[in-house]
Amino acid sequence: MDGKAIDAQQRYQKLVKDNAPKPKVGRNLWRAFLVGGALGVIGHFLYGLFEAIEPTKGESTATTLASLIFIGAVLTALGVYDSIAQWGGAGAAVPITGFANTIVSAAMEFRREGLILGLGSRMFVIAGPVLVYGTVAGFLTGLAKVAIMNLLH
Amino acid sequence: MTSKRLGRWTVHFPGSPRLVSAASVVGPKEGEGPLHSYFDAIELDPMRGEMCPEAAERRFMEDACSRAIQQLALTSEDIDIFLGGDLLNQVITAGFTARSLQIPFIGLYSACATFGAALALAATLVDSDWVTTALVAASSHYQTAERQFRYPIELNVQRKPTNQWTVTGAGAAVIAKQGQGPKVTHATIGRVVDYGLKDTNDMGCTMAPAAADTFLRHLADTGRTPGDYDLILTGDLAAYGSKMFRHLVKEAGIGLGNKHQDAGQLIFSPQQKVGAGGSGCACVAVVGLGYVLKQMAAGRWHRVLLLPTGALFSPVTHLQGESIPCVAHAIVIEG
């Protein structure tokens, strides 16, 4: 490609960038805060309920998370969760209900290609990286903890 | 033998192949749009009673094809060749439709410019008497396109303002020399243009340079100006891409006046929350065959340039960091 063509390309790329609509950061922030916050409040409320029933703190936490995952899955199946996310952005994507949504939405999408090679193999198509790098991050954090503890002793 | 080539890149069709029938079938969202009264059929169930969206898309294409054939009181037995395409891997919508139609078939792919490629080839075959009747069709479906190019439908992704909404529907037309209908007079096949853009959330701006390239070469070959056309209809550049297209054409010293419109902007209204506008193979097909042909028949426009635009990437090349090559074909239709 000659210099003139490269120049035209670069000018065009800049023009597209300059004309691109600006993301509404302020609006997105308060919406994400409201949706994410609401999910947090629901989680806290559930935790309060389970604390009275479950024998240990750990078990109350686990039951709360399972309930939130269930809520996320049901809202996805009803076709509501993507609308909440369209409005609330990261406020709906980041909490554990969003994680449930990634798995359930993919499972729904690929159900027609069969239970094994469709649903079974592709339900983690979006959630997979979260699991892989979540595990890797957990492992590295564990290593760091052991190293620091040994240094302190 | 006289050459049918005009200039360097354009062909003209002295034998006057005509669009002797045309049909457009769309989904519910398109049916709520500003052009609803121009479509031949609006299906309220985008799934068409099928279990999977791919099968539903085939129903749209099959319906459009049958309608186009039946308008002429013909059967598929009477059609010599079927040229069709869609966005799906292995061009399955057109291939499976051809299985039902039992017409000799060539599947085409030019992404959202497929309808333009089909029309140009059909006109060439009919003009040169290789075939007497050719059926062309193109389809797309919101759900099949999302699934192939983006994410599961119910996933928590926020749409961006530059995102476009894939049109659910199909357009089909029969090209022949015998019969009534507007003539296909010229075609300029586009070359692939890549300005190094990589953002799949902004296909309009990515495709605009290809549209401008084909358009300018078409004008140079034919010696025409935008003033020679009543309408210049780009395929699916949508709001941001159309702005870029006008800019690039203006930069080349050519004024479009008020001649340019974009099918992606016409098919939906801003209230329908579709982002920048419509897209997909069906977008220019149903707007062209529904809205434009009916307006031409009513005498509003006489000579129209269709400029369908397509992005020739796949999710694989996108993940591998490649930029997006684009193409546009220009077809002149005259009442």
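This is a predicted model: local features need pLDDT of at least 70, side-chain atom pairs count only at pLDDT 80 or more; totals for chains, interfaces and linings use all residues.
Biologist: Let me start with strand β9 of chain B, residues 169–176: how many of its residues are buried?

Modeller: Eight of the eight residues in β9(B) are buried, and the strand is therefore described as mostly covered, given that a residue counts as buried when 20 or more other C-beta atoms lie within 10 Å of its own.

Biologist: Which residues of β9(B) lie on one side, and which on the other?

Modeller: The general idea is that in a regular strand the side chains alternate between the two faces of the sheet. In this structure, Gly169(B), Gly171(B), Ala173(B) and Ile175(B) are on one side of β9(B), while Ala170(B), Ala172(B), Val174(B) and Ala176(B) are on the other, and both faces are covered.

Biologist: Which strands do bridges join to β9(B)?

Modeller: Strand β3 of chain B, residues 18–26, runs antiparallel to β9(B) and is joined to it by eight bridges, with Ala22(B) standing opposite Ala173(B). Strand β7 of chain B, residues 133–140, is also antiparallel to β9(B) and joined to it by eight bridges, and here Thr133(B) stands opposite Ala176(B).

Biologist: Moving to the whole chain, what domains does the assignment give for chain B?

Modeller: The assignment divides chain B into domain 1, covering 5–176, and domain 2, covering 183–334. The C-alpha centres of these two domains of chain B lie 17 Å apart, and 58 residues of domain 1 are in contact with 58 residues of domain 2.

Biologist: Which element gives the most to the side of domain 1 of chain B that touches domain 2?

Modeller: That element is α4(B), with seven residues, and among the other elements that give two or more residues to this side are β3, β7 and β9 of chain B. By class, the residues on this side of domain 1 of chain B divide into 31 nonpolar, 18 polar and nine charged.

Biologist: In chain A, at what angle do the axes of helix α2, residues 25–53, and helix α4, residues 81–88, cross?

Modeller: The axes of α2(A) and α4(A) come within 8 Å and cross at roughly 140 degrees, which means that α2(A) is oblique to α4(A).

Biologist: Which residues make the contact between α2(A) and α4(A)?

Modeller: On α2(A) they are Arg31(A), Ala32(A), Leu34(A) and Val35(A), and on α4(A) they are Ile84(A), Trp87(A) and Gly88(A). Sorted by class, this contact of α2(A) with α4(A) has five nonpolar residues, one polar and one charged.

Notes:
Residues are numbered from 1 along each chain as its sequence is written. Chains are lettered from A and ligands numbered from 1 in the order in which they are written. A residue is buried if 20 or more other C-beta atoms lie within 10 Å of its own, exposed if 12 or fewer, and partly exposed in between; C-beta atoms are placed from the backbone. Helices (H or I, at least four residues) and strands (E, at least two) are DSSP runs, numbered from the N terminus. Two strands pair if DSSP finds at least two bridges between them. Domain bounds come from an automatic or database domain assignment. Two residues are in contact if their C-beta atoms, placed from the backbone, lie within 7 Å. Ala, Val, Leu, Ile, Met, Phe, Trp, Tyr, Cys and Pro count as nonpolar, Asp, Glu, Lys and Arg as charged, and the others, Gly among them, as polar. Axes are lines fitted to C-alpha atoms, for helices over the stretch in contact, and angles run from 0 to 180 degrees between N-to-C directions. Angles under 35 degrees count as roughly parallel, over 145 as roughly antiparallel, 65 to 115 as roughly perpendicular and the rest as oblique.
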